[in-house]
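Trainee: I have a model open and want to learn how to read it. Where do we start?

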Amino acid sequence: MSKSLPYSVKDLQYDNAKFRQRSVSKVITQSLLTNTMRRDCVSCSTGKFLALLLIFGVGYLMLTHTSTAHSVSVRVADKLSVHGEGTNATGGNALFGRIGRKPPRLPPRLPPNEHGSHNDKAVHEPAKIDTDLGWVERQQKVKEAFIHAWFGYKKYAMGYDELMPLSQRGTDGLGGLGATVVDALDTAMIMGADDIVSEAGSWVQTHLSDLIKKKGQVNLFETTIRVLGGLLSAYHLSGGEKGTNVTYKGPKPVVYLDTAKDLADRLLLAFTSSPTPIPFSDVVLHDPSAHRAPDGLSSTSEVSTLQLEFNYLSTLSGDPKYSMAAMKVLEHMKDLQKVEGLVPIYISPDSGEFSGENIRLGSRGDSYYEYLIKVWLQQRSNRDNNFTYLHDMYTEAMKGVRHRLVKKSIPNGLVFVGELPYGPNGAFSPKMDHLVCFLPGTLALGATKGFTKKKAMEENLLNFEDLENLKLAEDLAKTCFEMYAATSTGLAPEIVYFHTEEYSEDGLDGGNKSSKYINDIIIKPLDRHNLLRPETVESLFVLYRVTEDPKYREWGWHIFEAFEKYTKVDSGGYSSLDDVTGLPPRRRDKMETFFLGETLKYLYLLFGDSSVIPLDKFVFNTEAHPLPIKGM
């Protein structure tokens, strides 16, 4: 760190005489008439000669000084004129203007580590502009990747749920409602990809309503977060209820809202058909009817990850039936027995009770915790209802995570979140799904409520527990990034295990021998695939917005470059990978809808201006569809 200069911010406000310009007459007066010796010298001939010499000398110095100062001010004026701020001193007038013109008063330089002044910001502005331009270019690269992914989907799979980029065809694995179209629509709106907005919007207007009436069985959770959430976000972003963009290409916003209501009316059967507030897992759209999963159980995360979407639809439609059905689930779960706020990953719609003892924040458990805080954020300005129980459930759960699930690896101490597959009295497993990498973002969001850390601290919004959660968020985000950096491809596997005192396996590293953490992370053969998942870049996006630390952008850029290098398909689209630890990696013939709906959206927002979809005014559903926060 450079040594501080002997100035402080206070010096900038202090009108010190040594920085004040003096007039020519004052210089002469003070030079000739301020003491007795000078008056004596003027009375003699020699003194008069010296006085005249002094006058001419001072005059010459003043003229040359003002001329030099003027040359500096002209250069400054030239720069200002680029931005439309010119100067009136031209031609001969400028020559006369030089005489007697005061050079600018220069304040003391601030030390490099002195912050908080207007001048400090100005000093650093050029470097900031250069950095911003670099991120604008990187953001454009993400947009180009999105266009390439859409090109492949449109060419080979338009109207299907997903693209198989290697075999160049489409597949319906999510009910056949064109999930990629709806998942990608609001991403295209945010990116300003107008042609794609027009193509996707026209497809929704022409085909989706008919498909909803004709299609068979769909999963309640997947259809809600991808299709219903995508339609509602598109409605808002396209100008519905005076949303953010009223000049986009595509159908009128009401098309998205009407389609969303038609779909939600059919999905409601999952709630009304169940004997308890816990909905069935599947709905047949054309009947319509609802059914249990084959084993009779619903996933905890699935039944508790519907509320953002149904709440917002009630707000838009004025019909409370959607919100009432969805919120009854969380109200019911509030009173169920938990382990320090932690819950098993299955629940029975018949008994309304949790089933089994498996506790984890990966698959079937993850978004239960995410929606506790996000639904509270969405509804916290609602004066008519009491939603504080959601915040209480979240707070208790995060305490349970820190107490029971957070451990450190050896030899280098990566912080990770493990599992309790046999309940609180069973053995701890150092297994962590990539899905768990949603947690850093959720922790940061819960700590600052969407504000920057700086603002939250200035307004005394953070308590000790918030600061603990924010520290855990940053530690876990580093671990999630190292899951990428430890592999040969720079892409994370679906699941990792961590080396601990109780658990180790040899010969199962990620392949990147230069990684510091290669001996901390264990990757089993069946877990080495990468599905283009978004959870890590989601957390990097939130943490950058909250902390304003540029390292999260840099980490995101490394991940994006790896996607570009190893998953891009020349003919269009991107592929999943079978094994991230070997080179060249084996490809898997699938481009998941969330690559366009989440991964590329979060990367684009990570590299962009923080005023776009601000976290204190929007909440992202678990499929990255931004919905406005009520009353904001």
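Mentor: Start with the annotation. UniProt positions follow the numbering used here, and annotations may be inferred rather than shown by experiment. Keep in mind that this is a predicted model.

Trainee: Which residues does UniProt place under "active site"?

Mentor: The record, an unreviewed entry, lists E222, D366, E494 and E535. The lining of the second largest pocket includes E222, D366, E494 and E535.

Trainee: Where does E222 lie?

Mentor: E222 is in helix α9, which covers residues 220-237. Next, look for contacts beyond the local sequence. Leaving aside neighbours within four places, E222 is in contact with L174 and V227.

Trainee: Is E535 buried or exposed?

Mentor: Use the cut-off: buried means under 20% relative accessible area. E535 has 9%, so E535 is buried. E535 is found in helix α20, residues 535-547.

Trainee: Which residues is E535 in contact with, leaving aside its neighbours within four places in sequence?

Mentor: H434, L435, C437 and F438. Look at H434 again. The side chains of E535 and H434 are joined by a polar contact of 3.1 Å.

Trainee: Now the overall picture. How many helices and strands are there?

Mentor: The protein has 22 helices and 17 strands. Of its 632 residues, 52% are buried.

Trainee: How many salt bridges does the structure hold?

Mentor: The structure holds 29 salt bridges. Take R138 and E554: their closest N and O atoms are 3.5 Å apart. R138 lies in helix α6 (residues 118-157) and E554 in helix α21 (residues 551-566), so this pair ties together parts 416 residues apart in sequence.

Trainee: What is the relative accessibility of R138, and what is that of E554?

Mentor: R138 is at 24% and counts as partly exposed. E554, at 34%, also counts as partly exposed.

Trainee: Which residue forms a salt bridge with R404?

Mentor: E340 does, with the closest N and O atoms 2.6 Å apart. This pair links distant parts of the chain, 64 residues apart. R404 sits in helix α16 (residues 388-405), and E340 in the loop between α14 (321-334) and β7 (346-347). R404 is partly exposed, with a relative accessible area of 26%. E340 is partly exposed too, at 26%.

Trainee: Which residues are linked in a network of salt bridges?

Mentor: K399, R402, E465 and E468 form such a network.

Trainee: How do I read a residue in a loop?

Mentor: H529 is in the loop between β13 (521-522) and α20. At 13% relative accessibility, H529 counts as buried. Leaving aside neighbours within four places, its contacts include E494, D578 and R588. E494 is one of the positions in the UniProt "active site" feature.

Trainee: Where is L491 found?

Mentor: L491 is in the loop between α19 and β12 (495-498). L491 is buried, with a relative accessible area of 0%. Not counting residues up to four places away, L491 touches M483, N530, F563 and V580, among others. L491 and L531 are 40 residues apart in sequence, and their C-alpha atoms are 9.9 Å apart.

Conventions: Residues numbered from 1 in each chain as written. Predicted model: local features only at pLDDT ≥ 70, side-chain atom pairs only at ≥ 80, totals over all residues. Heavy atoms only, no water. 1 Å grid on protein atoms, 1.4 Å probe; cavity = no way out; pocket = protein on both sides within 12 Å on 5 of 7 lines; lining within 4 Å. Helix = DSSP H or I, 4+ residues; strand = E, 2+ residues; numbered from the N terminus. Contact = heavy atoms within 4.5 Å. Buried < 20%, exposed > 50% of the residue type's maximum accessible area, 1.4 Å probe, protein only. Polar contact = N/O pair within 3.5 Å; in protein donor to acceptor, adjacent residues only side chain to side chain. Salt bridge = Lys/Arg side-chain N within 4 Å of Asp/Glu carboxyl O.
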